[in-house]
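Please consider the structure displayed here together with its sequence. The paragraphs that follow lead through it step by step.

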Amino acid sequence: MKRRILSLLLASMLVMVFFLTGCNGSDYKNAVSLYESGQYEEAIAAFEALGDYKDSADRIVACQLGMAADLLSSGDIKAAAEKYTEVFNANSSEEAAEGLV
């Protein structure tokens with residue numbers, strides 16, 4: 001009886017671990033796909049939902065830079081400069097706060 005309960009408990013835990021890690025993996029792939037297709041705002045939301053999973057924070061910065069590059073490509077130099085400045089300021093202050101600068 002104890003062996004059966006222990007087996008069921010172990011199986012339940014393995015299923016939970018599979019579902020918890022499997023969701024992040026597929027959600028991450030979806031976020032990367034959104035980024036690669038230039039859907040930066042949607043990708044940012046997807047990466048933010050992943051929290052600290054893999055390199056999600058770095059991918060958010062890449063999305064923001066992609067948005068700035070799109071603005072520059074479209075000829076909106078002022079908006080591109082503002083976006084680049086926003087991204088730089090947000091990330092350089094985080095590094096300074098962590099003592100990395």
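Predicted model: local features only at pLDDT ≥ 70, side-chain atom pairs only at ≥ 80, totals over all residues.

Gly75, which comes just after helix 3, adopts a positive phi of about 95 degrees.

The protein chain contains four helices and zero strands, and from the N terminus on its elements follow the order α-α-α-α. Of its 101 residues, 21% are buried. The protein chain exposes about 7,500 Å², and 61% of this area is supplied by carbon and sulfur atoms. Among contacts with a separation of 6 or more, 32% are accounted for by residues 24 or more positions apart.

Which residues of helix 3 are buried? They are Ser56, Ile60, Cys63, Gln64, Gly66 and Ala68. Gln64 deserves a separate look. The relative accessible area of Gln64 is 19%, and the residue is classed as buried because buried means under 20%. When residues up to four places away in sequence are not counted, Gln64 touches Ile44, Lys83, Val87 and Asn91.

Helix 4 comprises residues 77-97, and Ala79 lies within it. Ala68 and Ala79 are eleven residues apart along the chain, and their C-alpha atoms are separated by 7.7 Å. Is Ala79 buried or partly exposed? Ala79 has a relative accessibility of 21% and therefore counts as partly exposed, since this class lies between the limits of under 20% for buried and over 50% for exposed.

Leu65, Leu72, Ile77 and Tyr84 make a nonpolar surface patch of about 360 Å². Helix 3 and helix 4 are the elements that give two or more residues to this nonpolar patch. One member of the patch, Leu65, is located in helix 3. Its relative accessibility is 36%, so Leu65 counts as partly exposed. In helix 3, therefore, Gln64 is buried at 19% relative accessible area, whereas Leu65 is partly exposed at 36% relative accessibility.

Note on methods:
Residues numbered from 1 in each chain as written. Heavy atoms only, no water. Buried < 20%, exposed > 50% of the residue type's maximum accessible area, 1.4 Å probe, protein only. Contact = heavy atoms within 4.5 Å. Patch = residues over 30% accessible without salt bridge, like charges linked within 9 Å, V, L, I, M, F, W, Y side chains within 5 Å. Areas by Shrake-Rupley, 256 points an atom, 1.4 Å probe, with all protein chains shown as cover. Salt bridge = Lys/Arg side-chain N within 4 Å of Asp/Glu carboxyl O.
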